Amino acid sequence: MSVSVEVRAWDDPDGVALRSAQRAELDARYGTGDHEPGTPPSAADIDLFLVAVSAGRAVGCGALRRLDATSAEIKRMYVSPHSRGAGISTAILRALEEAAVERGWTTIRLETGPAQPDAMRFYEREGYRRIPLFGAYEGSDLSVCYERSLSAAAGTPSRR
């Protein structure tokens, strides 16, 4: 399956549809619509939003939100169920990591949750390590946080 990863505006219709599908899936997994600690991402605080396209159809997305001068957080990482297992999530993740390096960010963090064991396995496989809850996620029973150091000098993510 050929995939391209494109920069899009936060309010891009394909991106809105993908984030809506993600929200519905997470609402079903957690059994409630109240499963997101912290401030939901918005056009005002997202530095980059990517949409993965395959066969002319938007099949996944991911975003970066700057945390501080050297780190960013992955937000709204999602791949449509019918497109999973084809390497799309890896393509989005690599594009996000490359964009972070280009911006001089040396660390990427993210939050997922216990009802998303598939996401936890994916991030661990991709070199992310579990860290203590950070920021708005501190004290949340619904959060599991990960981090990965990036090698800005080499322009490639570090597997440390």
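Predicted model: local features only at pLDDT ≥ 70, side-chain atom pairs only at ≥ 80, totals over all residues.
## Helix α1

Let's start with α1, which covers residues 13-30. Its 18 residues reach 26 Å from the first C-alpha to the last, close to the 26 Å expected at 1.5 Å a residue. After the helix comes glycine 31, with a positive phi near 75 degrees.

Which residues of α1 are buried? They are Gly15, Leu18, Arg19, Gln22, Glu25, Leu26 and Tyr30. Looking down the axis of α1, you'd find these buried residues within an arc of 120 degrees, so they line one face of the helix. An α-helix has 3.6 residues a turn, so residues three or four places apart point the same way.

That buried set packs against β2 (48-54), β3 (57-68) and β4 (71-79). Turned away from the buried side are the exposed residues Pro13 and Ala28.

## Rings that meet

The whole structure holds five aromatic pairs. One of them joins tryptophan 10 and phenylalanine 49 edge-to-face, 5.1 Å centre to centre with 70 degrees between the planes. Tryptophan 10 sits in the loop between β1 (4-7) and α1, while phenylalanine 49 belongs to strand β2, so the pair ties together parts 39 residues apart in sequence. Both of these residues are buried. Phenylalanine 49 has another neighbour too: the charged end of arginine 19 sits over its ring, 5.0 Å from the centre.

Elsewhere, ring pairs link Phe122, Tyr123, Tyr128 and Tyr146 into a cluster.

Conventions. Residues numbered from 1 in each chain as written. Heavy atoms only, no water. Helix = DSSP H or I, 4+ residues; strand = E, 2+ residues; numbered from the N terminus. Expected span 1.5 Å × (residues − 1). Buried < 20%, exposed > 50% of the residue type's maximum accessible area, 1.4 Å probe, protein only. Arc of directions from axis to C-beta. Contact = heavy atoms within 4.5 Å. Phe/Tyr/Trp six-rings, centres within 6.5 Å; stacked < 30°, edge-to-face > 60°. Lys NZ or Arg CZ within 6 Å of the ring centre and 35° of its normal.
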